[in-house]
Amino acid sequence: MENNNNFRPQGKDIVKFVVVSLIGAFLFLALIPDGRGGFNIPLGYAIDWLRDDVLAAVSLGAYAPYGNSGYLGLHYLLALIFITVSFLGTLVAYIFKPGFIMNNPKIRSIFRSSPIYFISKAVGFAIVWMIFLGIGPDMVISSWTGDVMINLTASLVVIFIFLGPAIPLLTAFGLMEFLGVLIKKVVRLLFTLPGRASVDLMASWFGSSAAAILITTDQHDRGYYTGREAAVVATNFCFVSLPFTFFIAYFIDLTPQFPLFYLVMCITCIILALIMPRIWPLRNLSDTYLPEVGKQIDEDVPRNTSMFTQAVTLAARRAHQTTAKDVVRSGGMNYLNIFMDLIPIILAWGTVALIVVEHTPVFDIIAWPMGHFLNLLGVEGAFDYAPATLVGFVDMFIPAVLLGSAPLETRFALGVLSIVQIIYLAETGVLILKSKMPLNIWKLFVIFMMRTLIALPIIVLLTRLLF
């Protein structure tokens, strides 16, 4: 990495950082009247246009016995294609190991998946074709299980067609570096972490929770985090990104309330990050560096340099280094990661979880105490929607599916909860368990439940104060 002292930001670099970052913030956060008394953000308008006026207008229903209505929009076909290519590509990588996959680290990381990803893709492949052909057990293809999930998956495809190139506007032109430096000093004081954890926070907020977990794992492996620090970052800072948060709000019909939704999420996450590192089990984890690397961290601020100047310098340098080619490449990798990995996992385990919810009393039984807790907090439909407070441990999208018909305030509060719970086995949980962090599945579940129980009163209070 280039030393700050050797880089002097030029006016064009600062302008590039400011303009592109403002464009990114505008796309995700600006509220524009919709002409019907409500508001939407620019990305919301673009996504609605693509989904409702372009892709959904192309009916392929005559060519496939799809769904209950016999209608198939082009975005459903795209989901089918992505899931099929993901599974077949992974199968080819495992059996034949072709050079074009094995010799390309990025392609290999997509198709040479871990066993759990391979199983997920296989399950997703089987489910999507059963739904598409209208064959198989009713519990898989019914309107409350597989049919719901293919709708969710198709919507996710549409959303990320725009979010793929939009994400780099927030992450690749200096905004992360600028904000990261400015909040660096408070991170140690408030969250018992080294200042560089702010980068993980920015990576998660503007990139993805998986990216933040990978950054955290790398920092732990290289001696920049102790085991306790890495665990604190992974379970408090690596939450769902701004784009994914928008998707959840969009899916449960809260797009007009998205800035408020995001504000409540941020406030709750900050409060949880203040509390969780100071109580069991995180407080009692080993606070030592990996023996094979030792302590490598050094966070001295350059002498005679103000914090703001350093923030601008780092941001301008990042903007200077980023080219249009980098944005295209980053957007392409976002597409690959989402369409080849995330979508099959969502469809597979989302459908399985919904089958368990719809056809067994498992979640109703285990969520009964949560129903009483929600009722005590005055949440409307407490027992009906209590399973949504627990099923997120499996996958982050399932609570949103269960909340589709909930009252507005219930949808809002439990939608925020699904974001701040952070630990989802199908996404971040797998990466944490594969790492060298001192966390196991039991500790992850305990942390998940503690976050849930602490967050709920905060979210309900903020919902009532701000609505």
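**Loops, helix contacts and buried positions**

Mentor: As a starting point in this predicted model, Lys97 lies in the loop between helix 3 (74–95) and helix 4 (99–102).

Trainee: Is Lys97 buried or exposed, or does it fall in between?
Mentor: Lys97 is not a glycine, yet its phi is positive, at about 50 degrees. Its relative accessible area is 44%. Buried requires under 20% and exposed over 50%, so Lys97 is partly exposed.

Trainee: Which loop holds Thr192, another residue with positive phi?
Mentor: Thr192 is a residue other than glycine, and its phi is near 60 degrees. The loop that holds Thr192 is the one between helix 10 and helix 11 (197–206).

Trainee: What is the omega value of the cis peptide bond between Trp280 and Pro281?
Mentor: Pro281 is located in the loop between helix 15 (258–275) and helix 16. The bond joining Trp280 to Pro281 is cis, with omega about 5 degrees.

Trainee: How are helix 9 and helix 16 oriented to each other?
Mentor: Helix 9 (residues 175–182) packs on helix 16 (residues 307–321) with axes 7 Å apart and an angle of about 160 degrees. Angles over 145 degrees count as roughly antiparallel. The two helices, helix 9 and helix 16, are therefore roughly antiparallel.

Trainee: Which residues make that contact, and how many of them are nonpolar?
Mentor: Helix 9 contributes Glu177, Phe178, Val181 and Leu182, while the residues from helix 16 include Met307, Phe308, Ala311 and Arg318. By class, the contact of helix 9 with helix 16 has 1 polar and 2 charged residues, and the nonpolar count is 9.

Trainee: How far is Ile183 from Met307 in space, C-alpha to C-alpha?
Mentor: Ile183 sits in the loop between helix 9 and helix 10 (184–191), and it is partly exposed at 25% relative accessibility. Along the sequence, Ile183 and Met307 are 124 residues apart. Their C-alpha separation is 9.5 Å.

Trainee: How do helix 22 and helix 24 lie relative to each other?
Mentor: Helix 22 (residues 408–420) and helix 24 (residues 441–466) have axes 9 Å apart and pack at about 140 degrees. Their crossing is right-handed. An angle must be over 145 degrees to count as roughly antiparallel, and helix 22 and helix 24 are therefore oblique.

Trainee: How many charged residues does the contact of helix 22 with helix 24 have?
Mentor: Among the residues that meet are Glu409, Phe412 and Leu417 in helix 22, and Arg451, Ile459 and Arg464 in helix 24. The contact of helix 22 with helix 24 has 9 nonpolar and 2 polar residues, and its charged residues number 3.

Trainee: How many residues of helix 13 are buried?
Mentor: The buried residues of helix 13 (residues 227–236) include Arg228 and Glu229, along with Ala231 and Val232. Helix 13 is largely enclosed by the rest of the structure, because its buried residues number 10 of the 10.

Trainee: What is the C-alpha separation of Met437 and Ala231?
Mentor: Met437 is in the loop between helix 23 (425–434) and helix 24, and it is buried, with a relative accessible area of 5%. Its contacts, leaving aside neighbours within four places in sequence, include Thr216, His220, Ala230, Ala231 and Ala234. Met437 and Ala231 are 206 residues apart along the chain, and their C-alpha atoms are separated by 6.1 Å.

Conventions. Residues numbered from 1 in each chain as written. Predicted model: local features only at pLDDT ≥ 70, side-chain atom pairs only at ≥ 80, totals over all residues. Heavy atoms only, no water. Axes fitted to C-alpha atoms, helices over the stretch in contact; angles between N-to-C directions. Helix = DSSP H or I, 4+ residues; strand = E, 2+ residues; numbered from the N terminus. Parallel < 35°, antiparallel > 145°, perpendicular 65-115°, else oblique. Left-handed = near helix turned anticlockwise from the far one by under 90°. Contact = heavy atoms within 4.5 Å. Nonpolar A, V, L, I, M, F, W, Y, C, P; charged D, E, K, R; others polar. Buried < 20%, exposed > 50% of the residue type's maximum accessible area, 1.4 Å probe, protein only.
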